[in-house]
Amino acid sequence: MEHIEIQPKKNVFEEIDKLGPNPNNFWQIDFLKVWMMALVILDHSIPHIIMRLFHALAWERIAIPVFMVVLGFNWTKSMKRLEDQSLKSLYSWERYFKPKIQRFVVPFAIIYGLSLIYLILANVFIGSDFLSIIYYHPFNFPVPELHEPILKIFLMLPIWGPGNWFIPMLFLTILIFPLLYKLFSITPLFTLILCYIIEIGFQFSIRLFINANGVDYRINIFTFMPFMLMSAIGLGMWLARDHRWDAIQNIIVWVLGLASFAFVIYAIYFGWPVFAFWTVFDYNLFVYPYSALIVMLTLNIFPKSPSGPQYRFITTLSKSTYHILTTQIFYFSLIYGLLLPFNAPFGTISYPISFSQLNLQHVNYLWFYPVNLVITFTIGTLWQLVGTRFWNSHTKTRQRINQKRLEMMKSRGWIKPKEKTNS
């Protein structure tokens, strides 16, 4: 009997990846977003006092700066594809605001509603003093001030969760970005310099406020604005012009990035440099170029359009990062509000702390972080997939309805069909 070889069945999606990759997609960016989202969960799972022992400034606190560089990169790439580059078109409802509302505002509105239900139930079953004791820890920065009524104007959830500050900051970024991009498309270098000037001015305003009023709940309002992250956004826009590591324009990224890396190393081992004492928080213009350098190197080291299920899985997670972010805000508000103290989930941690002060209680972090990671990533990804299916089905339904209306209008003679012309 003749031997017959059967060709193994090919992975259809892998073949599609190879033959027709999306030219507008950067898998390297997908990888970065997933990596940074995992670091965000880590940042909210383990107290910063412990993370400092492991030099978190160099590898863990880069999450939000990298996200903002990626935001500048992605949104600039997206706007560059528009044919009409007028400011009015950039602020288009259909092409700009509507997609942004669907992607960012709607998920947050759902989380806000859940948090409101959480607050009502907590007041009923726990007591009206629930917010006065939630998250409090005697040795660390007390969190109850984040429940000040005035902060609710800035979209703080009814019951705050870590990372909530990023939401109002993102919404304000949506409002200013088309204007920033329009200026960047005209004069890139000036716009990048302007981003630094705006951020420097904003940092000085924070310092002046602290000198005059001390540190109170109002200092949080400054973190709700994108001006504290302007240079990170500007560097992302800069890389969107040409992200190649050997592009002549990226000498700026190399010089600033390496100087920033040196700054971070110095801060870890010797403390905050004297010349940077006027800055507030560890998110500032001195550390952002280091994150921009990480983004540029990632774009050049990893493939743009790899094929295979493992790569598509990363892309799926990447599309879900905002849903994962909002999920973890609400998730941690439950965990730290009902089960564990925020600053020290598994035991009192005084400041300062050393390796010798860590004990068996802190071994709990070996399971706490992975569990948080799996729960938030799973819920956020499933939520995004369901939401995408809903919006797609809604769009298809509208298209079908519009087509039926068009056919009906033609049948009634309200619209005359175009006459065919002989060529």
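A crossing counts as left-handed if the near helix is turned anticlockwise from the far one by less than a right angle, and as right-handed if clockwise. I keep that at hand for the helix pair below.

I note that this is a predicted model, where local features need pLDDT of at least 70, side-chain atom pairs count only at pLDDT 80 or more, and totals for chains, interfaces and linings use all residues. Residues are numbered from 1 along each chain as its sequence is written, and side-chain values use heavy atoms, with hydrogens and water left out.

Whole chain. I looked up the secondary structure: 18 helices and 0 strands (DSSP runs, H or I of at least four residues for helices, E of at least two for strands, numbered from the N terminus). Of 423 residues, 48% are buried (under 20% relative accessible area, 1.4 Å probe, protein chains only).

Helix pair. I checked α5 (residues 63-80) against α13 (residues 230-241): their axes come within 7 Å and cross at roughly 45°. Axes are lines fitted to C-alpha atoms over the stretch in contact, with angles from 0 to 180 degrees between N-to-C directions. The crossing is right-handed. In the contact (heavy atoms within 4.5 Å) I find, among others, Met68 and Phe73 of α5 and Ile233 and Met237 of α13.

Thr326. I place Thr326 in helix α17 (residues 321-339). Thr326 is buried, at a relative accessible area of 0%. Leaving aside neighbours within four places in sequence, Thr326 is in contact with Ile111, Ile167 and Trp383.

Terms used
Buried < 20%, exposed > 50% of the residue type's maximum accessible area, 1.4 Å probe, protein only.
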